[in-house]
Amino acid sequence: MTDDPNPDAGDRESRPSSGASTAGDAGLRDRLGYLLVLSRPRFWLYLAGPVLVGVAYAAESRAELFTPASVVLFAYFLLPANVFLYGINDIYDRDIDAANPKKEEQEARYRGQRYVPLAVGVCAALPLVFAPLLEPAVWPWLVVFLLLGAGYSAPPVRFKTTPILDSVSNGLYVAPGAAAYAAVAGAQPPAIAILGAWLWAMGMHTFSAIPDIEPDRATGIRTTATVLGERRTYAYCGACWLGSALGFAAVDVRLGAVMLVYPALIGAIVSSSVAVDRAYWWFPAINTVVGAVLTMGGLWRIVNG
């Protein structure tokens, strides 16, 4: 009897090879990694941060800070909502982004991967899963976020290509905070606070469009920034942010004082030699600090109330 030199040979045909498994795992990791970059981690707190602020000012006790509703809203707006928002943007901006240098450096360039629209659809539908955990007062804000998030980039409305509407529609960033406030308080946040936050979002969006003025003009895209030009866009952002500070001051003068940092920054940028492309990347950190100060103010009210 001859010894089988390879006793596992008969099993190999019925078992997937480790190489195929490894390749599959690598493919999944690559897809998840791409979706992570697509979600703009640097900007995650633009959606998740307002949730913290909303909870901090709605809660009347420490126990209300960590309700199932507040935790699930924070988790959703931290990652899935960003995949939804920026995924739609990248899908419908594929041709435009071909000439945008940001896609080679800080962001991912969409190349038609079929799993991306699927991931976007799943993230859009996810609120249906946790809706039973939420107060009815929350639902309109989730609808506002999804409608404006889709309408900003997707036809037929595509707000981002209509001057002024591109700016106004970015009130979608207010929706997470308003939803969180409503989830904890069971009522809507003060209208003047919504107005102040909406003006802040308008200014932030239009400022972020300044580095894209030339690429957008080259591809025929009309935005508030391309119509106004760089200098007048600075003035527009400063006016929005000054209005935001006044709105928050109507709620609490200390909140208004914190928000004055934004018009002050516009003045500093305009009067200095700092390129807007460079200043643009400061704002995630600046917004994080401002959001932390606002949140700490709300928490201080609870701890010392």
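User: How far apart are the end C-alpha atoms of residues 178-201?

Analyst: They lie 13 Å apart, and the span is 79% helix and 0% strand. Keep in mind that this is a predicted model.

User: And what about residues 65-86, how far apart are the end C-alpha atoms there?

Analyst: For residues 65-86 the distance is 28 Å, with 82% helix and 0% strand. An unreviewed UniProt entry lists both 65-86 and 178-201 under "transmembrane region", along with 43-59, 139-157, 258-276 and 282-303.

User: OK, zooming out: how many helices and strands are in the protein chain?

Analyst: The chain has 19 helices and zero strands. Of its 305 residues, 48% count as buried. Among contacts with a separation of 6 or more, 74% are between residues 24 or more positions apart.

User: Let's look at helix 10. What length does it reach from its first C-alpha to its last?

Analyst: Helix 10, residues 139-153, reaches 22 Å, close to the 21 Å expected for its 15 residues.

User: Which residues are buried in helix 10?

Analyst: The buried ones are Trp141, Leu142, Phe145, Leu148, Gly149, Gly151, Tyr152 and Ser153.

User: Is Cys240 buried or exposed?

Analyst: Cys240 is buried, at 6% relative accessibility. Cys123 is buried too, with a relative accessible area of 11%.

Notes: Residues numbered from 1 in each chain as written. Predicted model: local features only at pLDDT ≥ 70, side-chain atom pairs only at ≥ 80, totals over all residues. Heavy atoms only, no water. Helix = DSSP H or I, 4+ residues; strand = E, 2+ residues; numbered from the N terminus. Buried < 20%, exposed > 50% of the residue type's maximum accessible area, 1.4 Å probe, protein only. Contact = heavy atoms within 4.5 Å. Expected span 1.5 Å × (residues − 1). UniProt positions renumbered as here; feature names shortened; annotations may be inferred.
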